[in-house]
Amino acid sequence: MHDVAKLYEVYINRELQTTKNEILNVQRLNQKILSFLHDLAEVSQDSRCYLFWEKEEPINHQQLLEDYLSGLTMLMSIGYELRIDSIKNYNELPIATDIYSLFFKIYHSILKVQSHYSSEDYQNTIDDYFTLGFDLGIQIDEILDNYQND
C-alpha cells in the first residue's frame, strides 16, 4: 500500500491557495474532465498500445511519465472541484484485465463522475489510473518524486 492520499493532500494545499469556498462550477468541472480525457489519450499514444505499425519503436518512458503526471494532476484537480476531502490509499491488487480494457474503464468511470458527481466513481477512476500507471511500468517512487517536486 502506498500513501497516494499524501499526493492528493499536496495538490489540495496548492489549490487552497488559489480558490476559496466556491460552489460546484459545472462548466469548469466539464473542462477539467475533457482535459483529463485528452491527457488519457496522450498516455495511450505514448504507451504505443494501439500503434499497429510502429510497435518496434521504443516507448519514451520520460514522455509517458510526463503525460501520465499531467493526467494525474488534472484528476486531482477534478477531485478538488468535487470537494472531495481525501482519497483512499491505493492497494496494488493484481487485476485480470488487459491494458485496452483498463483505458476504457477509466474513460467510462470519469464520464460517470461527470454525470453523477460521485465520490465513489471518482475513487474508482483514480484507483484505475494508478493501476494503469503501474501496468505501464511507472513506479510509485517516480510519481511521488516528480509530483512533490513540482
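**Close-up 1. Tyr 117 in the loop between helix 4 and helix 5.** In this predicted model, Tyr 117 lies in the loop that runs between helix 4, residues 99-116, and helix 5, residues 119-135.

**Close-up 2. The side chain of Ser 118 and the backbone nitrogens it reaches.** Ser 118 is also found in the loop between helix 4 and helix 5. The side chain of Ser 118 reaches the backbone nitrogen of Glu 120 at 3.1 Å, and it reaches the backbone nitrogen of Asp 121 at 3.1 Å as well.

**Close-up 3. The stacked rings of Tyr 68 and Tyr 129.** The structure holds 3 aromatic pairs, and one of them is made by Tyr 68 and Tyr 129, whose ring centres are 4.4 Å apart and whose planes meet at 5°, so this pair counts as stacked. The pair links distant parts of the chain, since Tyr 68 belongs to helix 3 (residues 61-81) while Tyr 129 belongs to helix 5, 61 residues apart. Are these two tyrosines buried or exposed? Both Tyr 68 and Tyr 129 are buried. Ring pairs also bring Phe 36 into the picture, linking Phe 36, Tyr 68 and Tyr 129 into a cluster.

**Close-up 4. The tilted pair of Phe 130 and Phe 134.** The rings of Phe 130 and Phe 134 form an aromatic pair with 6.1 Å from centre to centre and 40° between the planes, an arrangement that is described as tilted. Both residues lie in helix 5, where they are 4 residues apart, which is about one turn of the helix. Phe 130 has a relative accessible area of 1% and is therefore buried, and Phe 134, with a relative accessible area of 17%, is buried too.

**Close-up 5. Arg 83 over the ring of Tyr 80.**

Methods
Residues are numbered from 1 along each chain as its sequence is written. This is a predicted model: local features need pLDDT of at least 70, side-chain atom pairs count only at pLDDT 80 or more; totals for chains, interfaces and linings use all residues. Side-chain values use heavy atoms; hydrogens and water are left out. Helices (H or I, at least four residues) and strands (E, at least two) are DSSP runs, numbered from the N terminus. A polar contact is a pair of N or O atoms within 3.5 Å; within protein, one must be able to donate a hydrogen and the other to accept it, and residues adjacent in sequence count only if both atoms are side-chain atoms. Rings of Phe, Tyr and Trp (its six-membered ring) pair if their centres lie within 6.5 Å; planes under 30 degrees apart count as stacked, over 60 as edge-to-face and the rest as tilted. Buried means under 20% relative accessible area, exposed over 50%, partly exposed in between (1.4 Å probe, protein chains only). A charge sits over a ring if NZ of Lys or CZ of Arg is within 6 Å of the ring centre and within 35 degrees of the ring normal.
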